[in-house]
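Please read them with the coordinates open.

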Amino acid sequence: MRYFFTCFLLLLAFPFIPNLSLAQTDTAWYQLPPIVVTATRYPDSTMKIPAAISIINKFQLQQLKGAGIDEALGETPGVLAQSRSGGQDIRLTIRGFGARGAGERSNAGTSRGVRVMLDGFPETEPDGRTSFDLVDLSSAGTIEIVRSNNSAVWGNAGGGVLNILSDNNFPTPRVYYQSHFGSFGYDKEILKVGSTVGDGRYFLALSRTNFDGWRHHSDYSRTLINTSLTTAIGTHSSLGIYLAAADSRFRIPGPLTPSQFAADPQQAQGDTNNYNPTYLQRNERRHNRLGRLGATFSHEFDAGRSLNAMLYINPKYLQRSERNTFRDFTRYHFGGNLTFQQRFKRHHNIGGSVLIGLDEAYQDGAILFYSLENGNRGTELQDDKREGANNLGLFLQAQADFGDRWYVLMGIRLDEITYYYDDHIDPKLNDRKTFRALTPKAGLAYRLSPHHSLYFNLGGGVEVPAGNETNPPSTFGQDTVTALNPLLEPIRSTTFEIGAKKEIAGEDNSFLRNLTYDIAMYRIDIRDDIIPYRGGRFYFTAGKTRRLGMEMAVSAKLTGGVSFGLAATLSQNRYLEYRVDSVHYGVPGSYAEFNDNKMAGVPEFFFKTHIRYESIRRLGAYCEISAQGVGAYFADDANSLEVDSYTILNASLGFNRLSLNKNGLFMSGFLAMNNLTDRKYISSAFINPDSSPVTGEPIYIEPGLPRNFTGSISVGWEF
């Protein structure tokens with residue numbers, strides 16, 4: 001605890017240091033334009049919002065491989081995104097939320113605990129799970145990340161918020177083509193078109209990705225379309241129509257034992273006979289076909305009142321081979337929201353606004369389980385059921401400016417999440433369960449200048465068990481009175497956070513061209529944290545958990561084209577009260593105490609840093625070296641399985657927007673080499689895993705990519 005107190009004092013002192021060092025050269029500095037974020041549901045400057053917020057811009061996204069969203073999040077403090085096999089399937093954690101999403105059943109192609117949106121439309125389902133089939137970095141223009149708990153605005157699974165905004169904000173019509181190629185058969189083709197249509201804008205992005213996989217049985221492919229049309233309706237209204245669809249296939253190599261990892265990390269579970277049945281024998285895979293059609297409408301009644309509405313429908317047809325069954329899911333996810341904002345004119349130098357909103361999301365559909373024959377769907381129907389979930393939320397938020405310095409924010413949200421379960425083979429399992437939660441929050445920001453602020457916030461959080469987590473433990477056939485586990489309750493949390501942010505820019509002839517930093521410290525107290533066991537086959541709850549953390553992000557650009565950046569996270573995550581009844585292991589009446597153990601699945605230190613040189617000449621050439629590291633952590637609550645720390649080095653060089661003629665034709669390209677030293681490391685781990693019935697070793701290791709390269713060439717034409 002002592003080092004957290006020291007960091008607290010540094011946090012209070014650090015924001016003033018740049019002011020002192022630059023006090024004699026204030027005339028050489030000018031203010032940057034404010035950065036406005038929308039993921040908080042009330043668009044405003046990041047300097048006024050009392051929360052930890054990170055922005056990833058278009059330029060950063062264009063220089064990535066584009067396989068998984070983990071590539072974009074490395075320099076976001078507090079956010080740990082780990083690739084499970086080098087593709088789109090990732091494990092996503094923000095300040096420990098989402099950490100349980102790692103296991104056979106709990107995170108094959110999905111994440112939880114964190115809300116993910118595409119152009120404001122929820123990719124997160126009503127029960128809190130998120131798949132990344134429609135998320136493609138190639139069509140993104142900006143990513144907004146709210147690292148503070150945002151349940152008081154977004155409700156369930158608001159432990160963090162990612163809003164991926166499409167690249168549809170362009171000044172002139174354009175056509176853009178990009179081709180990626182790389183190790184292990186990686187190939188990606190992207191076409192983007194932007195055009196003006198009357199007073200509106202039309203955007204289209206098409207992409208096709210193929211990857212042979214670096215591990216056996218880890219190939220994937222995806223075809224995706226993302227298109228939108230936004231236009232004004234009269235002088236006070238606007239309308240947006242959005243369509244996205246994807247056909248995504250990926251195979252799952254499964255985790256390895258330590259001896260398998262040491263012998264050959266490229267193998268899949270099943271290449272050696274130490275566990276049966278295996279991922280390889282089952283041909284474990286997922287084939288997801290889904291789409292979303294959505295519409296947004298906004299209207300300004302006058303300078304003080306506005307209305308915003310959204311509707312969407314998201315049909316899905318999902319096929320899976322897993323755990324000795326072949327599964328067909330037909331789901332319909334639809335919903336919308338309505339918000340009204342009243343802004344107040346300044347009176348005696350005080351102004352503000354009130355936002356009231358209503359959200360509803362509903363998902364339902366049939367699930368059919370068939371026998372598995374040679375990795376394919378068999379003829380025997382083993383289960384026929386319906387799973388539905390509805391999430392209804394009402395929230396109120398008020399904010400006030402006191403002069404140009406103080407900013408106060410208060411809000412509250414009421415959520416009701418209901419699960420429906422009908423079994424068409426065994427009706428006695430039919431059940432319904434409702435969770436309710438009231439979540440408050442309050443925040444205060446003090447602006448030392450328009451681009452320098454200190455803030456504090458206090459907020460509640462809620463996360464209900466995901467749909468598959470509510471299934472009763474079936475390991476030995478216990479607790480099958482109904483289909484919904486009566487033992488699990490919502491995760492409830494309280495977050496205390498303080499932070500400081502600053503953005504400054506110098507004139508062209510100054511040594512330090514610009515500098516930004518973001519520092520935050522938090523304490524999160526949690527009740528009923530949900531913990532996976534047996535690779536996610538069933539779940540327990542930890543009575544009390546506490547997470548303490550400090551996050552820092554610093555970036556600077558120097559004269560001559562040199563720039564650097566650093567993002568680092570230091571945390572302490574402990575179970576305070578946690579007793580596990582081991583009845584599920586066949587020992588009735590016994591238990592284990594895990595009080596004061598470290599929380600499984602959450603490293604207490606991770607970072608990424610880079611240094612970059614960019615030519616100021618017309619060619620726009622650049623080179624960059626980066627390092628990314630993750631500290632050691634435990635994969636089990638007993639703290640007996642340690643995942644080793646690692647640091648990997650990466651390098652890239654390229655050129656950006658080389659002009660080919662005077663008519664707007666340009667070219668860009670890059671070549672990147674990742675894991676330069678060919679470090680052997682564990683990129684992700686199953687939490688509280690199974691053990692091999694043959695060797696007794698735990699099966700939890702998902703190896704990271706060895707040395708690999710990516711190349712890209714793109715051509716664009718701006719009319």
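1. Strands E24 and E25 are joined by a hairpin through two residues. In this predicted model, E24 (residues 431-449) pairs with E25 in the antiparallel sense, over eight bridges. Tyr455 in E25 is the bridge partner of Ala445.

2. E25 also pairs with strand E26 (residues 491-506), again in the antiparallel sense, and here over 12 bridges. Leu454 stands opposite Ala500 of E26.

3. Asp119 deserves a separate check. This residue lies in the loop between strand E8 (115-118) and strand E9 (121-122). Asp119 is buried but has no salt bridge. The nearest side chain of opposite charge belongs to Arg292, 5.3 Å away, and the cut-off for a salt bridge is 4 Å. Not counting residues up to four places away in sequence, Asp119 touches Asn163, Ile164, Leu165, Ser166, Asn226 and Tyr242.

4. Two asparagines have positive phi. Asn324, in the loop between strand E19 (305-322) and strand E20 (325-347), has phi near 65°. Asn324 is partly exposed, at a relative accessible area of 41%.

5. Asn349 sits in the loop between E20 and strand E21 (350-373). Its phi is about 65°, positive although Asn349 is not a glycine. With 46% relative accessibility, Asn349 counts as partly exposed.

Key. Residues are numbered from 1 along each chain as its sequence is written. This is a predicted model: local features need pLDDT of at least 70, side-chain atom pairs count only at pLDDT 80 or more; totals for chains, interfaces and linings use all residues. Side-chain values use heavy atoms; hydrogens and water are left out. Helices (H or I, at least four residues) and strands (E, at least two) are DSSP runs, numbered from the N terminus. Buried means under 20% relative accessible area, exposed over 50%, partly exposed in between (1.4 Å probe, protein chains only). Lys and Arg count as positive and Asp and Glu as negative; His and the chain ends are not counted. Contact means heavy atoms within 4.5 Å. Two strands pair if DSSP finds at least two bridges between them.
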